[in-house]
Amino acid sequence: MTSTVSAPAAGVPVGPGLSMFDPIFLGIDEFSQPVYITLAYRNLLAGGEPGGGKSGLLNTIAAHAALSVDSRLVLLDGKLVELGQWEDVADAFIGPDITAALTVLRRLQQVMNNRYAWLRAHGLRKVTAADRLSVITVLVDEIAFYSATVGTKQEQEEFVALLRDLVARGRAAGIPVVAATQRPSFDIIPTSLRDLFGYRAAFRCTTPNSSNIVLGHGWAEQGYTATDIAPTNQGAAYLIAEGGTPRRIKVAYLSDAQIAGIADYAAWIRRPGTRTPADNSPTEWGMAA
């Protein structure tokens, strides 16, 4: 669930004390109260027109993940520049290459299957912080590039199938997905995929139908439509949590200089001998941490 409780009196911890099991600060609501989400057991879908603030949301989440001691990052960015500053922190950074994207999703699927086998062997139902397994945070910007633009029809369909499987089963295995698209339409975000995302954020949309595709059918007719967000109000969005009501929020913004500083520090704390990750085994993910 999202929350608007005041920040702890002791302040927000700064890496390397953060965890992906901690609430993630997203921004503020319309009453200027801080908004947090718990992403470890959820997925998040962001949709809206270009320039609405989706990349700001992804970068805010990437910053928390990068500074978390128990997180590993997998980034898919068809434009290379939206998430590119986090490349040195990520286990995998995929650009405009559908073959590489499919390879990394297949590997994530195998990691997910291995984790479920491990959970079953230990009589557990989901990964927790006590298990000392890294939360593998997958960020995708943008879905439509890999599912409708680049590659063959067969490759695009495989991408959608693999992404849907990861969104459907990855949560309990500690593999949350955060995905964004500037083309919120039924061919890019079918209902069967959208409804698997526990959190959905609709940035400015040009039509009520596009807003409904992100938030869910009928919300625009009830007054919750991202078409009423001004084009100049970048970062504003309607956020809905599973079983909740859309809430108006303003996503926190990190400048390029701030991202560079955080990414540089995050890369430093992840260097061997500097950081002690929860799961530093290269055998599970197939890469050295």
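**Entry 1: strands 3 and 8.** I began with G47 and looked for the residue across from it, and I found that G47 stands opposite A202 in strand 8. I kept in mind from the start that this is a predicted model. Stepping back from that pair, I noted that strand 3, residues 44-47, and strand 8, residues 199-202, run parallel and are joined by four bridges.

**Entry 2: strand 1 and its two partners.** On one side I followed strand 1 to strand 2, and I noted that the two run antiparallel and are joined by four bridges. In this pairing F25 stands opposite Y36 in strand 2. Strand 1 and strand 2 form a hairpin with four residues between them, and in the turn I picked out S32, whose phi is positive at about 65°. I next followed strand 1 to strand 10, where the two strands again run antiparallel, this time joined by three bridges. Here I checked D29, and its bridge partner in strand 10 is I249.

**Entry 3: the largest pocket.** I looked up the volume of the largest pocket, which is about 590 Å³. I recorded 27 lining residues, and those nearest the centre of the pocket are G53, K54, S55, G56 and E82. Helix 1, strand 10 and helix 7 (256-269) are the elements that give two or more residues to this lining. Which element gives the most? The answer I found is helix 1, with four residues. Sorting the lining of the largest pocket by class, I noted 11 polar residues, eight nonpolar and eight charged.

**Entry 4: salt bridges.** I searched the whole structure for salt bridges and came to nine. One that I looked at in detail is formed by R72 and D91, with the closest N and O atoms 2.9 Å apart. This pair links distant parts of the chain, since R72 is in strand 4 and D91 is in the loop between strand 4 and strand 5, 19 residues apart.

**Entry 5: the backbone at two loop residues.** In the loop between strand 4 and strand 5 I also stopped at L80. Is the peptide bond from D141 to E142 cis or trans? I found it to be cis, with omega near 10°. I finished by placing E142, which is in the loop between strand 6 and helix 3 (143-149).

Conventions: Residues are numbered from 1 along each chain as its sequence is written. This is a predicted model: local features need pLDDT of at least 70, side-chain atom pairs count only at pLDDT 80 or more; totals for chains, interfaces and linings use all residues. Side-chain values use heavy atoms; hydrogens and water are left out. Two strands pair if DSSP finds at least two bridges between them. On a 1 Å grid over the protein atoms alone, a cavity is a set of points where a 1.4 Å probe fits but cannot get out, and a pocket is an open set with protein on both sides within 12 Å along at least five of seven lines; lining residues have an atom within 4 Å of a point. Grid points are joined across faces, edges and corners, and a volume is the space filled by probe spheres set on the points. Ala, Val, Leu, Ile, Met, Phe, Trp, Tyr, Cys and Pro count as nonpolar, Asp, Glu, Lys and Arg as charged, and the others, Gly among them, as polar. A salt bridge is a side-chain nitrogen of Lys or Arg within 4 Å of a carboxyl oxygen of Asp or Glu.
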